[in-house]
Amino acid sequence: MELRQLRYFVVLAEELHFRRAAQRLFISTPTLSQQIKGLEREMGGPLLTREPRIELTPAGEVLLRSGRDILRAADAAVRETRREAGAEIPTLRFGLLNGIPPWLPTRIGELLSARLPGARMVLTGGTTADQLRLLDDDEVDLAMVRAPVTLPERFAQIPVAREELGIVMATGHRLAELAEIGAADLHGQELVLFARDSAVGLHDALLAELRTRGADIRLSESAMGHAQMLNVLPMRTDIVGLSSDRVAGLPGLQWRPLDRPLEVRYAAVWRSANRNPAVAAVVSALHGRLLDASVS
């Protein structure tokens with residue numbers, strides 16, 4: 001039995017769902033299934049039942065308890081051996097974008113641990129503009145930004161995730177009576193956005209897309225961050241903002257989807273010359289996939 005197989009089994013035992021476990025491990029579902037079948041052959045019997053739903057067998061329960069201990073010991077051995085050998089613990093200095101979905105840095109951390117056991121993350125917060133400055137000053141290795149974003153040639157980027165945006169407003173706003181909001185409904189509305197210089201590309205793209213759809217909106221003279229906007233909106237029934245459905249249910253606020261979905265896209269950016277193995281581990285795992293919130 002390989003540690004890799006054991007790690008696959010432990011994650012599957014925690015999720016009890018092949019697709020979610022495969023996403024968390026950044027492998028395909030068929031690959032995970034084959035690895036688990038191989039492990040079961042080696043163990044001499046089934047470790048889980050698959051119908052009508054996935055459940056651990058008594059043998060699987062035993063392997064889960066022992067497997068967790070083995071993996072913790074193996075990770076500790078790697079850290080202690082590297083420390084004794086004088087090797088640095090791989091560290092990813094991660095630019096944590098303000099207002100990012102809470103699950104997204106968790107996914108990045110899981111990805112890093114799966115590809116580079118023992119590695120750690122050090123977080124630095126900021127806006128998209130802040131993260132680009134931190135990258136340029138070599139204060140972070142990998143930064144999350146909101147796209148679109150114009151980058152110098154020395155930077156590289158890869159798409160990471162996307163999130164639907166809708167309209168957020170005070171509970172007493174007239175648009176709160178609608179199930180969804182169209183361009184015509186936004187006629188004459190004052191829209192509060194973040195400061196343009198914090199994410200120029202996204203700011204301009206959002207306005208352009210809304211106006212292309214025929215939304216005759218007025219950009220508010222007030223510019224503020226997302227948290228500030230959520231504090232102001234309940235006091236004003238004459239303004240609206242853009243947000244994801246993460247705000248649904250907050251006191252004094254109502255969130256409604258747009259009839260044509262509007263998305264914000266997140267990208268990971270790094271300096272092309274960066275040789276940190278932690279960056280390479282994360283970037284290689286991100287190729288060809290978008291992360292989502294379906295894995296906890």
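Which side chain meets that of Arg213 in a salt bridge? The partner is Glu209, with 2.8 Å from N to O. In this predicted model, Arg213 counts as buried because its relative accessibility is 17%, while Glu209, at 27%, counts as partly exposed.

**Salt bridges**

The structure holds 18 salt bridges. Three of them are set out here.

| Pair | N to O distance |
|---|---|
| Arg213 and Glu209 | 2.8 Å |
| Arg246 and Glu163 | 2.8 Å |
| Arg68 and Glu14 | 3.4 Å |

Arg68 and Glu14 form a salt bridge that links distant parts of the chain, since Arg68 belongs to helix 4 (residues 58-84) and Glu14 to helix 1 (residues 3-15), 54 residues apart. Arg68 has 32% relative accessibility and counts as partly exposed. Glu14 is also partly exposed, at 36%.

Arg246 and Glu163 form another salt bridge. Arg246 sits in the loop between strand 9 (239-243) and strand 10, and Glu163 sits in strand 6, so the pair ties together parts that are 83 residues apart in sequence. Arg246 is partly exposed at 37% relative accessibility, whereas Glu163 is buried at 11%.

Salt bridges also link Arg93, Asp138, Asp141 and Arg271 in a network.

An open sheet is built from 8 strands in the order 4-3-5-10-6-9-7-8, and its pairing is mixed. Strand 4 (120-126) and strand 8 (218-223) are at the edges; each has a single partner strand, so one side of each has no neighbour in the sheet. From one strand to the next, the twist averages 35°.

Within the sheet, strand 3 (residues 91-97) and strand 5 (residues 142-147) run parallel and are joined by 2 bridges. Gly95 stands opposite Ala143, which is in strand 5. Helix 6 (residues 128-136) packs on the sheet and touches strand 3, strand 4, strand 5, strand 6 (155-170) and strand 10 (253-271). The direction of helix 6 makes about 145° with that of strand 5.

**A buried valine**

Val282 is part of helix 9 (residues 277-286). Its relative accessibility is 0%, so Val282 counts as buried. Beyond its neighbours within four places in sequence, Val282 contacts Leu92, Ile108, Leu111, Leu112 and Leu142. Leu112 is 170 residues from Val282 in sequence, yet their C-alpha atoms are 5.7 Å apart.

**Rings**

A search of the whole structure gives 0 aromatic pairs. Arg154 lies over the face of Phe155, 5.4 Å from the ring centre.

Conventions: Residues are numbered from 1 along each chain as its sequence is written. This is a predicted model: local features need pLDDT of at least 70, side-chain atom pairs count only at pLDDT 80 or more; totals for chains, interfaces and linings use all residues. Side-chain values use heavy atoms; hydrogens and water are left out. Rings of Phe, Tyr and Trp (its six-membered ring) pair if their centres lie within 6.5 Å; planes under 30 degrees apart count as stacked, over 60 as edge-to-face and the rest as tilted. A charge sits over a ring if NZ of Lys or CZ of Arg is within 6 Å of the ring centre and within 35 degrees of the ring normal. Helices (H or I, at least four residues) and strands (E, at least two) are DSSP runs, numbered from the N terminus. Buried means under 20% relative accessible area, exposed over 50%, partly exposed in between (1.4 Å probe, protein chains only). Contact means heavy atoms within 4.5 Å. Two strands pair if DSSP finds at least two bridges between them. Axes are lines fitted to C-alpha atoms, for helices over the stretch in contact, and angles run from 0 to 180 degrees between N-to-C directions. A salt bridge is a side-chain nitrogen of Lys or Arg within 4 Å of a carboxyl oxygen of Asp or Glu.
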